[in-house]
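This briefing walks through selected parts of one protein model, moving from pairs of helices to strands and then to a single loop residue. Please keep the sequence and the structure open beside the text as you read.

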Amino acid sequence: MNQPLWSPSAEAIAASNIRAFSQQCETRFDLNLPDYDSLWQWSVDYPEDFWSAFWDYAEIKSQHRGERVLIDGNKMPGAQFFPDAKLNFAENLLQRRDESDAIVFRAEDQANRRVSWNQLYDQVSLLSQALRNAGVVPGDRVAGFVPNMPETIIAMLAAASVGAIWTSCSPDFGVNGVLDRFGQSRPKVLFCADGYFYNGKGHDSLNTVAEILTDLAVVEQVIVLPLLNDTPDISVVKKVRSAATLADFTADFIASEIEFVAMPFNHPLFIMYSSGTTGKPKCITHSAGGMLLNLRKEHLLNCDQRPEDRVFYFTTCGWMMWNWLIGALGTGATVMLYDGSPFYPNGNVLYDYAAEEKFTLFGTSAKYIDACRKAGLKPIETHDLKDLRAICSTGSPLVDEGFDYIYESVKQDVQLSSISGGTDICGCFILGNPTGPVWRGEIQARGLGLAIEVFDDDGQPVRGDRGEMVCTKPFPNMPVGFWGDDSGEKYQSAYFDKYANIWTHGDFIAITEHNGVVVYGRSDATLNPGGVRIGTAEIYRQVELFDEVQEAIVIGQEWDADTRVVLFVRLTQGVSLTDDLVITMKKRIRSECTPRHVPAKIIAVTDIPRTRSGKITELAVRDVVHGRPVKNKEALANPEALELFANIAELQQD
């Protein structure tokens, strides 16, 4: 394709936050930064100047900043940004004080409410005082087993205001999945809701909470948020631990100015968890300063956000996109929350929400976009989305046809930002650029201040060819470590063992002629038939175009001293895997990819295992196929699906 799918107008570029920031940098440092690429290059060549300038542009509020921007800047891990700074994350998200919407919330068709900026501040004030009164001090962990609701944001901000560390997972986690996470981070306080809504039904959480607390003795106080009922019956929790409803917990306090505790830049703010399908989840610990700077950078510059914006991401509190979404409060934008099924009562529910509440940014997963495409949804014909400027997609690579679907069936004049990063950095390595064009199948840009390169198998940088995505210089939102990994050994081995002093992220990518990026899948899930590396995303891209295929998962099976490609497909109801369908799929993969991409076996299954954030689990399936144990099935939303891949007779023959 010789033409981009979308390009910003000259007026939009001139009015963008990126242009305003670039002009400040040009004046301050005597530079010429005419476009995003030149700004990116300067940001990685002169990181101290870039991050210092962005701190000022973003108006970061701090008790003290200090003169030093970066020390040990050649060490990964080990580099420190703003080592003398003292700040509070929550204070920086609560700068706006008025009666306009700070948060709008829907839980399917069961809840619909909004919280003003003044109400948000007052509610955080009450809860902050109550947490102090309960003995919460800087460094304590405060956990949430919670739906994506306003009180969850309030709880996180209240914890951050006193210097505590927030950690959360969604209430659809099983008991063991919660214990695998909170058992490591050891919270003093646990927030939970009385339940959550999904597919039109209320699901109780409190019996699960009581069971969790039986094995989580470290929790001293439980606070129950109301969702299913205005006044929840918390007696089952009280039988095992001190517990109170949110209203009772804060009843003795009066809203007043919040006493924000200023903490060092690297003080932990979030503990987040890897998916945990190859063992207990890693407890990835992120700093308050790193999160504040990076989230502000992505929202202000890459999403071009303003106080009048209304920002939505479909997420749960067990996915890092929840933490990312909340960062929008720092720009003064309204955060739009949704909890429940995105297809209840039908597939238009999120588009209804977007039209009625005038979303300016709509964020979701590539899987959701594909599901809408296969369902034949065409909001371009049914919904007024005139306010929508940007659509974001993440979770897995967005296929070319996903780009086509957005522009043909959702909205023509919209910036489509496929973004990629992860829990590891609670942010994006590669993401959108509101001042540049969108090319089919490409992520627009590398993140500012992130020295992203592609390394070949010999550890040499390459352009145009596929390889390992690396970051060759430190950045502020690198984790401060893994909770409980006092020696730093697990942290070191996770990112720095492959190439010394260089972050290896685990994505298989290529940088395009437009300085965009194509992601071919996880590098640890790449296939090696005949010794040639193949990205799994290339196969998914072709297979998922078939209306007969609802979902697919592909692995490499060790066979005859080599690796062969095995494709599993979950078919549309009423469809069977005929010889003709197999031949047609193989022909398409051969013609659109290469002969090496063609699966040796295509096998129908009735379900595909996925993590609770919706990602398919290639590594777990590969282990089952090879008769190896899957170490942590509790990380999966549907662990029973793994049984479908065990002892398949067809995989024991040529």
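A crossing of two helices is called right-handed if the near helix is turned clockwise from the far one by less than a right angle, and left-handed if it is turned anticlockwise. With that term in hand, one can say that α6 and α7 make a right-handed crossing. The model described here is a predicted one.

**Two pairs of packed helices**

- Helix α6, which covers residues 117–133, packs with helix α7, residues 150–161, at an angle of about 55 degrees, and the axes of the two helices are 8 Å apart.
- Angles under 35 degrees count as roughly parallel and those from 65 to 115 as roughly perpendicular, and α6 and α7 are therefore oblique to each other.
- On the side of α6 the contact is made by Leu-120, Gln-123, Val-124, Leu-127, Ser-128, Leu-131 and Arg-132, while α7 contributes Ile-154, Ala-155, Leu-157, Ala-158, Ala-159 and Ser-161.
- Sorted by class, this contact of α6 with α7 consists of nine nonpolar, three polar and one charged residues.
- In general, an α-helix has 3.6 residues a turn, so residues three or four places apart point the same way.
- A second pair is formed by helix α2, residues 17–29, and helix α4, residues 47–57, which pack at an angle of about 120 degrees with their axes 11 Å apart.
- That angle makes α2 oblique to α4, and the crossing in which α2 passes α4 is right-handed.
- The residues of α2 that take part are Asn-17, Ala-20, Phe-21, Gln-24, Cys-25, Arg-28 and Phe-29, and they meet Asp-49, Phe-50, Ser-52, Ala-53, Phe-54, Asp-56 and Tyr-57 of α4.
- By class, the contact between α2 and α4 has eight nonpolar, three polar and three charged residues.

- Helix α8, residues 175–185, is mostly covered, since eight of its eleven residues are buried.
- The buried residues of α8 are Val-175, Gly-177, Val-178, Leu-179, Asp-180, Arg-181, Phe-182 and Ser-185, and the elements that cover them include β7 (141–145), β8 (165–169), β9 (189–193), α9 (206–214) and β15 (268–273).
- Following α8 comes Arg-186, which has a positive phi near 55 degrees.
- In helix α15, residues 366–374, the buried residues are Ala-366, Tyr-368, Ile-369, Asp-370, Cys-372 and Arg-373.
- These buried residues of α15 pack against α14 (349–357), β19 (361–365), β20 (390–394) and α17 (400–410).
- Just after α15, Gly-376 has a positive phi of about 75 degrees.

**An enclosed strand and its partners**

- Strand β20, one of the elements against which α15 packs, has five of its five residues buried, so it is largely enclosed by the rest of the structure.
- Both faces of β20 are covered, with Ala-390, Cys-392 and Thr-394 buried on one side and Ile-391 and Ser-393 buried on the other.
- Strand β20 pairs with β19 in the parallel sense over five bridges, and within this pairing Ser-365 stands opposite Thr-394 of β20.
- Strand β20 is also joined to strand β21, residues 415–418, by four bridges, and these two strands run parallel; here Cys-392 stands opposite Ser-417 of β21.

- Three strands make up an open sheet in the order β30-β31-β32, with mixed pairing.
- Its edge strands are β30 (549–559) and β32 (601–604), each of which pairs on one side only, and neighbouring strands of this sheet are turned against each other by 25 degrees on average, direction ignored.
- Strand β30 and strand β31, residues 562–571, run antiparallel and are joined by ten bridges, and Glu-551 has Arg-570 as its bridge partner in β31.
- Helix α21, residues 618–625, lies across β30 and β31 and runs at about 50 degrees to β30.

**A buried loop residue**

- Thr-250 is found in the loop between α11 (246–249) and β14 (263–264).
- Is Thr-250 buried or exposed? With a relative accessible area of 11%, Thr-250 is buried, because buried means under 20% relative accessible area.
- Apart from its neighbours within four places in sequence, Thr-250 is in contact with Leu-126, Leu-127 and Ala-130, and Leu-127 is also one of the residues through which α6 makes its contact with α7.

How values were computed: Residues are numbered from 1 along each chain as its sequence is written. This is a predicted model: local features need pLDDT of at least 70, side-chain atom pairs count only at pLDDT 80 or more; totals for chains, interfaces and linings use all residues. Side-chain values use heavy atoms; hydrogens and water are left out. Axes are lines fitted to C-alpha atoms, for helices over the stretch in contact, and angles run from 0 to 180 degrees between N-to-C directions. Angles under 35 degrees count as roughly parallel, over 145 as roughly antiparallel, 65 to 115 as roughly perpendicular and the rest as oblique. Contact means heavy atoms within 4.5 Å. Ala, Val, Leu, Ile, Met, Phe, Trp, Tyr, Cys and Pro count as nonpolar, Asp, Glu, Lys and Arg as charged, and the others, Gly among them, as polar. Two strands pair if DSSP finds at least two bridges between them. Buried means under 20% relative accessible area, exposed over 50%, partly exposed in between (1.4 Å probe, protein chains only).
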